[in-house]
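The tour below goes from one selection to the next and says what is to be found at each stop.

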Amino acid sequence: MKSEYVRRYEGNPILTKEDIPYPVQTVHNAGVVKFDGRYVMLFRSHLDTGRSIIGLAESEDGFNFKSRPAPFMVPSAEPVFCEYEEYGVEDPRITHLEGAYYITYSAYSRHGVRIGLAKTTDFQTVERVAFITQADYRNVVIFPEKVNGRYARLDRPHSDISPWSIWISFSPDLIHWGDSRVVIKPVKYHWDQMKIGPGAPPIRTDKGWLNIYHGVFPTMDGHVYRLGVALHDLNHPAKVLGVGDRWILQPEDTWELVGYVHNVVFTCGAVPEDDGTLKLYWGGADKVICAGTAVIEELVELCLTDSRPAL
Ligand code: BMA
């Protein structure tokens with residue numbers, strides 16, 4: 001049975017490696033925003049080496065995307081950045097904030113994985129700002145406005161002791177982060193029991209910040225990546241108002257079940273529309289990009305009326 005929360009676009013997958021004018025093995029995990037009247041997507045691709053780079057594709061309607069002829073971000077050659085991006089740049093998320101577009105991405109190196117912050121105003125050029133975590137962190141999403149005078153983000157540190165969980169951190173300048181605390185943990189014997197992480201940058205709704213996250217369940221046949229939703233208080237986002245008990249999307253289409261890593265749907269971006277829907281983008285089996293739509297109010301209601309404990 002298909003998910004009742006996300007309606008898949010009938011033209012899925014919307015982007016595959018055949019659509020990319022330079023050699024890549026995969027096209028997946030993508031951040032998307034509206035910019036200058038069109039949709040801009042930053043997507044991850046594996047190269048033949050297994051290391052990742054970030055490409056850019058554009059669309060008029062949010063479903064039909066055309067890739068630029070060259071990648072948008074490759075491992076940096078600049079001092080400091082190059083040491084931490086040696087093994088690749090992955091999983092970009094984009095937040096429109098105070099007139100600029102901020103990109104958080106995973107930077108891999110012999111020192112582990114940490115999060116880089118980059119900035120663009122035109123999607124033609126991009127500048128590295130800073131690394132905003134130590135190792136080991138992934139999945140950092142920045143809120144699209146200040147909350148109580150501070151920038152806010154959801155993040156996901158790694159731990160040997162606790163199942164990997166969603167945390168929140170705050171900053172005066174987007175570079176120095178602190179006042180961190182855990183806000184949502186996996187639930188035992190549940191679809192997200194193994195680990196969870198932020199997916200799309202939070203979306204403002206009347207009832208709270210909507211957080212679309214991924215959760216992982218271990219099976220004898222590997223890990224299954226699904227998507228779920230949580231709602232955070234608008235003024236105090238460390239306070240979780242509800243976490244949907246059920247997933248909103250799970251691998252079902254062939255290209256989600258089989259690919260580079262099978263049984264994966266993984267999001268880095270969703271675009272809210274004026275009509276109360278959102279366009280959701282996800283990587284299918286770490287190999288292709290898929291899209292769908294959801295009604296924001298239905299996701300909010302799931303968080304509030306059918307919720308499981310946050311911690
Ligand atoms: C995670 C990350 C994601 C990937 C997912 C499924 O740990 O590496 O980029 O989509 O695994 O393989």
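Select β19 together with strand β20 (residues 277–284), which pair in the antiparallel sense over 7 bridges; helices (H or I, at least four residues) and strands (E, at least two) are DSSP runs numbered from the N terminus, and two strands pair if DSSP finds at least two bridges between them. This is a predicted model, in which local features need pLDDT of at least 70 and side-chain atom pairs count only at pLDDT 80 or more, while totals for chains, interfaces and linings use all residues. Residues are numbered from 1 along each chain as its sequence is written, and side-chain values use heavy atoms, with hydrogens and water left out.

Within this pair of strands, pick Ala270, whose bridge partner in β20 is Leu280.

**Second stop: another open sheet**

Select next the open sheet of 4 strands with the order β10-β11-β12-β13, where the pairing is again antiparallel. Here β10 (137–142) and β13 are the edge strands, each with a single partner, so one side of each has no neighbour in the sheet. From one strand to the next the twist averages 25°. Strand β12 (residues 166–171) pairs with β13 in the antiparallel sense over 4 bridges, and Ile168 has Arg181 as its bridge partner in β13.

Follow the chain to Gln193, in the loop between β13 (178–184) and β14 (195–198). Which residues is Gln193 in contact with, leaving aside its neighbours within four places in sequence? They are Pro163, Pro186, Val187, Lys188, Val216, Phe217 and Pro218. Its side chain also reaches the backbone nitrogen of Tyr189 at 2.6 Å, a polar contact (a pair of N or O atoms within 3.5 Å; within protein, one must be able to donate a hydrogen and the other to accept it, and residues adjacent in sequence count only if both atoms are side-chain atoms).

An N or O atom in the side chain of Arg44 is 2.7 Å from an oxygen atom of the ligand, and a polar side-chain atom of Asp91 lies 2.6 Å from an oxygen atom of the ligand.

**Last stop: backbone details**

Finally, select Asn12 and Pro13, which are joined by a cis peptide bond with omega of about -5°; Pro13 is found in the loop between β1 (7–8) and β2 (28–35). Another cis peptide bond, with omega of about -5°, joins Ala135 and Asp136, and Asp136 lies in the loop between β9 (127–131) and β10.

Methods. Contact means heavy atoms within 4.5 Å. Axes are lines fitted to C-alpha atoms, for helices over the stretch in contact, and angles run from 0 to 180 degrees between N-to-C directions.
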